[in-house]
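Subject: Structure handover and what was found in it

Dear colleague,

I am passing on the structure below, together with a description of what was found in it. Please read the notes with the structure open beside them.

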Amino acid sequence: MFDRLWGKRRAPAFLPRLETKRLILRPMEAGDAADMFDYARRIDTTRYLLWHPHPSVEYTRSYLAMIGRLYRKGQFFDWAIVEKDSGRMIGTCGFTRLAKQHALGEVGYVLNPDYHGRGYATEAVRAVIAFGFENLELHRIEGRYMVENTPSRRVMERCGLSFEGVWRESMLVKGRYRDIGVCALLRDDYLRLCTGQATAAIRL
Ligand SMILES: CC(C)(COP(=O)(O)OP(=O)(O)OC[C@H]1O[C@@H](n2cnc3c(N)ncnc32)[C@H](O)[C@@H]1OP(=O)(O)O)[C@@H](O)C(=O)NCCC(=O)NCCS
């Protein structure tokens with residue numbers, strides 16, 4: 001099953017459209033450039049990310065063209081997050097890493113700061129996690145974040161990932177060694193969460 005799903009699929013097929021109560025997750029497309037640039041240009045978006053703010057909308061356009069090429073090669077697993085009400089593309093989420101040999105996925109997400117504090121990231125990441133366990137048959141889903149990025153840790157914990165510890169100064173980002181927090185959810189624990197055998201505090 002795992003091999004059949006991962007096999008030769010190309011990303012647009014591999015990344016099906018997912019729908020939650022308030023959001024649509026779909027592959028990114030060239031027409032997202034203006035909405036993406038709106039947040040990708042901001043320092044408050046990129047503070048805890050590996051990349052720097054996009055300098056121009058042309059840069060965002062060429063970034064999206066590169067994503068299109070990676071999708072076609074089946075090498076990119078991030079969805080665009082679209083708010084149903086407005087139709088705006090307000091961020092991205094997905095798997096920044098899929099290690100097939102370990103059935104391991106790492107989640108990542110970015111939301112336009114104008115849309116923080118509404119539970120959108122949690123809603124989107126829960127859909128990605130469900131897809132990972134139920135369709136890709138992953139064994140473990142993890143998330144990593146710079147320890148200062150407490151909103152990101154909270155998203156992971158609201159999605160059922162448990163804090164596992166800190167890898168001290170394990171990444172050199174923007175000229176500084178960063179402490180990296182790790183949270184994870186195992187397949188069996190996910191299935192228990194789904195069947196309601198978990199405590200209310202961590203129920204999905
Ligand atoms: C990480 C990030 C996505 C978190 O965004 P967020 O808005 O805090 O997360 P959510 O969308 O899940 O919203 C949760 C917040 O909305 C509130 N909220 C409001 N309505 C809600 C609802 N219907 N459902 C759930 N939460 C809701 C929650 O109380 C919570 O606020 P709190 O953490 O102050 O208690 C955001 O800070 C971001 O994009 N940062 C820049 C990129 C980044 O750092 N990415 C992570 C890299 S590891």
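A residue is called buried here if 20 or more other C-beta atoms lie within 10 Å of its own, exposed if there are 12 or fewer, and partly exposed in between. Please keep in mind throughout that this is a predicted model.

To begin with helix 7, its buried residues are Ser152, Val155 and Met156. Seen down the axis of helix 7, these buried residues fall within an arc of 95 degrees, so they line one face of the helix. On the face of helix 7 turned away from its buried side sit the exposed residues Thr150 and Pro151, while the cover over the buried residues includes strand 5, helix 6, strand 6 (residues 140-146) and strand 8 (residues 176-186). After helix 7 comes Gly160, which has a positive phi near 95 degrees.

For the protein as a whole, there are eight helices and eight strands, and buried residues make up 32% of its 204 residues. Of the contacts between residues at least 6 apart in sequence, 58% join residues that are at least 24 apart.

Helix 6 (residues 120-134) also deserves a description of its own. The buried residues of helix 6 are Tyr120, Ala121, Ala124, Val125, Ala127, Val128, Ile129, Phe131, Gly132 and Phe133.

The ligand is surrounded by 19 residues, of which the closest are Leu111, His116, Gly119, Ala121 and Thr122. Sorted by class, the shell has ten nonpolar, seven polar and two charged residues.

Two residues stand out for their backbone angles, given that most residues other than glycine have a negative phi. Ala103, although it is not a glycine, has a positive phi of about 50 degrees, and it is found in the loop between strand 4 and strand 5. With 18 other C-beta atoms within 10 Å, Ala103 is partly exposed. Lys174, likewise a residue other than glycine, has a positive phi near 50 degrees, and its place is the loop between strand 7 (residues 162-173) and strand 8. Lys174 is exposed, because 12 other C-beta atoms lie within 10 Å and the cut-off for an exposed residue is 12 or fewer.

Finally, Arg97 lies in strand 4 (residues 89-99). Is Arg97 buried or exposed? Arg97 is exposed, with 12 other C-beta atoms within 10 Å. Leaving aside residues up to four places away in sequence, Arg97 touches Gly105 and Glu106. From Arg97 to Gly143 the separation is 46 residues in sequence, and their C-alpha atoms are 10.0 Å apart in space.

With kind regards

How values were computed. Residues numbered from 1 in each chain as written. Predicted model: local features only at pLDDT ≥ 70, side-chain atom pairs only at ≥ 80, totals over all residues. Helix = DSSP H or I, 4+ residues; strand = E, 2+ residues; numbered from the N terminus. Contact = placed C-beta atoms within 7 Å. Near = placed C-beta within 6 Å. Nonpolar A, V, L, I, M, F, W, Y, C, P; charged D, E, K, R; others polar. Arc of directions from axis to C-beta.
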